[in-house]
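Dear colleague,

I am handing over the structure below, and I would be glad if you could look through it before reading my notes. The notes come after it.

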Amino acid sequence: MSRVRVLVGTRKGAFILTSDGKREKWEISGPHFAGWEIYHMKGSPVDPNRLYVSQTSGWFGQIIQRSDDGGKTWHQPGTKPGEPTTTPEGMPMGESNKFVYDTSPETGKPLTTHQWYDGTQHPWEFKRVWHIEPSLTDPNTVYAGVEDAALFRTTDGGQSWHELAGLRGHGTGPQWMPGAGGMGLHTILLDHQNPNRMYIAISAAGVFRTDDAGQSWKAVNQGLVSQFIPDPKAEVGHCVHRIAMHRSRPNVLFMQKHWDVMRSDNAGESWHEISGNLPTDFGFVVDVHAHEPNTIYVVPIKSDSEHFPPEGKLRVYRSRTGGNEWEALTKGLPQRDCYVDILRDAMAVDSLDDCGIYFGTTGGQVYASPNGGNSWKAIVHDLPAVLSVEVQTLK
Amino acid sequence: MIRVGLPYHLRNLARVDAEVQLQVDGPVTQRTVLNALEARYPMLAGTIRDHVTQQRRAFLRFFACGEDLSLQSPDAPLPEKVATGEEPFLIIGAIAGG
């Protein structure tokens with residue numbers, strides 16, 4: 001029988017929730033890495049027992065953890081104890097928790113500056129890994145989206161990470177700027193049909209697409225409108241909160257932007273608004289049903305100043321028409337006095353026949369629906385604030 | 001042997017219980033102690049000093065023998081009692097809480 005494993009990253013550690021295919025009874029393990037911020041954890045589609053975790057701390061920096069047994073044991077895939085940590089020249093070696101921006105002349109992409117909150121230029125400074133995206137074909141290849149925004153890749157199972165410098169080399173870096181949460185590269189979408197194509201999204205820069213496996217990038221933000229930048233229709237500078245696609249239809253993208261829910265039918269070349277009858281089109285998450293490419297989910301948040309559900313009612317909205325026509329899903333969700341937030345990496349779906357939908361809140365609840373959103377239940381409700389939720393469907 | 005005290009999170013990361021003891025050949029300084037610490041526990045590389053600049057991370061302090069050594073040169077000799085193992089070299093995280 002199929003099983004489901006939910007990987008939950010929180011402000012104070014990681015938790016792993018497991019259930020059988022009925023998704024009624026859940027076992028909880030954790031906290032793993034107690035006391036650390038777990039921005040994201042995700043498993044390899046090729047080897048589901050291979051898990052990668054971004055473990056961070058404002059005190060101690062960035063750590064990458066890896067499990068080869070589905071989260072029972074963990075290790076840092078870097079230098080072995082006793083081996084030197086510096087080269088003979090005294091330079092630090094490529095340990096697994098080392099993310100260093102590429103300034104090599106070979107890439108032709110020198111480190112630029114980006115826009116700071118006050119409009120001045122600011123140097124790139126690595127802070128943390130926001131998002132981990134394992135390759136669709138190789139468990140040792142993983143992409144990492146980091147703050148300050150850049151894309152890194154490992155091809156040795158996390159032992160060393162190297163920047164795909166062509167993204168920052170796009171040339172628009174001086175126009176990128178941090179949102180309130182920092183300037184993070186938070187979304188990485190891999191095209192299931194074209195191994196050379198991927199999409200990334202940055203707050204606040206926008207969406208970029210590569211068609212040559214990360215060597216060069218194109219800003220694909222036409223149609224986005226953002227009132228907080230001098231030119232609301234600029235090529236870059238948009239605060240994209242999340243994008244999502246269905247694996248069978250990689251040219252169709254859905255976006256939850258700072259304001260506006262958007263859709264592209266041409267691989268990001270142009271976007272149009274699909275907010276329709278949503279009570280507010282501000283929010284962070286967006287995801288797609290595992291078997292219905294036109295069924296999408298968002299959780300509306302009142303506004304950019306009030307990060308909680310409108311009217312204190314936690315409602316997931318589902319569109320079965322690819323946008324514009326939305327229905328509120330409320331069964332099992334609190335409909336009064338609810339003032340939690342749902343962060344951008346905190347929604348995921350499983351791939352069982354009756355698709356399961358999952359999301360985590362800053363109040364520490366993880367809600368699950370085993371029936372495509374028709375009804376919900378908190379499968380755990382007193383965790384630290386949830387930063388990310390990922391789901392693995394295990395055969 | 002040099003004794004080094006680590007904050008809670010780094011003890012967990014390095015999977016050690018209390019103080020760690022290190023052999024340091026040559027002068028005993030912040031740099032040589034941290035080099036020995038990272039060589040013994042490579043998972044700590046980057047957690048105390050920045051990977052690139054090798055500067056102490058902003059929210060960490062170095063104490064020993066009742067003194068704050070955080071702002072001393074990384075190549076300055078540490079107190080004799082640290083070098084002899086009589087006193088530990090303490091790596092302390094800044095207070096968090098309210």
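What follows describes each chain in turn and then the contact between them.

This is a predicted model, in which local features need pLDDT of at least 70 and side-chain atom pairs count only at pLDDT 80 or more, while totals for chains, interfaces and linings use all residues. Residues are numbered from 1 along each chain as its sequence is written, and chains are lettered from A and ligands numbered from 1 in the order in which they are written.

Chain A has 29 strands and zero helices, where helices (H or I, at least four residues) and strands (E, at least two) are DSSP runs numbered from the N terminus. Its C-alpha atoms fill a box of roughly 60 × 50 × 40 Å along the principal axes.

Chain B has three helices and five strands, and its elements run β-α-β-α-β-β-α-β from the N terminus on. For its 98 residues a compact globule would have a radius of gyration near 13 Å, and chain B, with 13 Å, agrees. Buried residues make up 33% of the 98 residues in chain B.

Strand E5 (residues 89-93) of chain B pairs with strand E1 (residues 2-5) of chain B in the parallel sense over two bridges, pairing being assigned if DSSP finds at least two bridges between two strands. Within this pair, Val4(B) has Phe89(B) as its bridge partner. Strand E3 (residues 60-64) of chain B runs antiparallel to E5(B) and is joined to E5(B) by four bridges, with Gly93(B) as the bridge partner of Leu60(B).

The contact between the chains takes 22 residues from chain A and 19 residues from chain B, two residues being in contact if their C-beta atoms, placed from the backbone, lie within 7 Å. On the side of chain B that touches chain A, helix H1 (8-14) and helix H2 (30-40) of chain B each supply at least two residues.

With kind regards

Definitions and conventions
Rg over C-alpha atoms; globule rule 2.2 N^0.38 Å. Buried ≥ 20, exposed ≤ 12 C-beta atoms within 10 Å, placed from the backbone.
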